[in-house]
Amino acid sequence: MDLLKEKIKMNAVVVDEHVLKVDTFLNQKVDIQLMNEIGLHVKDYFEGKNITKVVTIETSGIAPASFIANHLGVELVILKKQTSKVLNEGILAEEVYSFTKGNTYNLCTSSKFFEANETVLLVDDFLANGEAALGASRLLKRLNVGLESIVIIIEKSFQEGRSKLEKAGLPVYSLACIESMCDNKIKFM
Ligand code: G4P
């Protein structure tokens, strides 16, 4: 998606060869017009696939996922990283290890948010090592929810995420794929 790549080129900051800072348009301050364009782009791409819901992972997936859901005219389900102490009806959890943060967390949702014969898009901001997407796809499988595709806003193609997801038979559609971030320069695939 050219507009997104332009935004990354102009506004993202290469922290080191593995980490990209996008807090001025995606992670903290959010460029709403860009999110809207992302929503339209993804809606056009998956038109005719009968998507019934969009699923995302808190926190940074929520902004783009909301616009995608809005343009597709469907509801959004947010997977939580902690079990709710008050709402635990039909809760399912999958353990996820984050290589970037060096911690383990439980990805949680409830069966009550899904109906029979769902076909969903799973949206996340970054694809790094693929663990969050793998954990989310395990949750969806346990709920018998059909996964049309994983939609990633920024894929760091030099990390293992895509190959792990493909090995697991999970389709991935990324809006911007970064080949490398050497010498402060972002090279797209
Ligand atoms: P993985 O799911 O692909 O295995 O990724 P990993 O656990 O390694 O990354 C975990 C967190 O780090 C995620 O945020 C992810 O968005 C973020 N992350 C990974 N690489 C980058 C990067 O280059 N730049 C930035 N800005 N973030 C990165 P999270 O813990 O889910 O945070 P949030 O969604 O609550 O903000």
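How do the residues of the shell around the ligand divide into nonpolar, polar and charged? In this predicted model, the shell comprises 6 nonpolar, 8 polar and 6 charged residues. In total, 20 residues surround the ligand, and the closest of them are L20, S60, K81, T100 and K156. Two elements of secondary structure, strand 7 (119-127) and helix 4 (131-142), each contribute at least two residues to this shell.

Several polar atoms of the protein approach the ligand. A polar side-chain atom of K156, one of the closest residues, is placed 2.7 Å from a nitrogen atom of the ligand.

Rolling a probe the size of a water molecule over the atoms shows where empty space is left. The ligand is located in the largest pocket, whose volume is about 760 Å³. The lining of this pocket is made up of 29 residues, and those nearest the centre of the pocket are S98, T100, K101, D125 and F126. T100 is also listed among the residues closest to the ligand.

At least two lining residues come from each of strand 5 (91-98), strand 6 (103-110), strand 7, helix 4 and strand 8 (146-156). The greatest contribution is that of strand 7, which provides 4 residues of the lining. Sorted by class, the lining contains 13 nonpolar, 9 polar and 7 charged residues.

Two features of the backbone were also noted. Most residues other than glycine have a negative phi, and most peptide bonds are trans. The peptide bond from E58 to T59, however, is cis, with omega near 5°. T59 belongs to the loop that connects strand 3 (53-57) and helix 3 (62-72). N50, although not a glycine, has a positive phi of about 50°. The position of N50 is in the loop between helix 2 (32-45) and strand 3.

Note on methods:
Residues numbered from 1 in each chain as written. Predicted model: local features only at pLDDT ≥ 70, side-chain atom pairs only at ≥ 80, totals over all residues. Heavy atoms only, no water. Near = heavy atom within 4 Å. Polar contact = N/O pair within 3.5 Å; in protein donor to acceptor, adjacent residues only side chain to side chain. 1 Å grid on protein atoms, 1.4 Å probe; cavity = no way out; pocket = protein on both sides within 12 Å on 5 of 7 lines; lining within 4 Å. Sits in = over half its atoms within 2 Å of the grid points. Nonpolar A, V, L, I, M, F, W, Y, C, P; charged D, E, K, R; others polar. Points joined across faces, edges and corners; volume = space filled by probe spheres on them.
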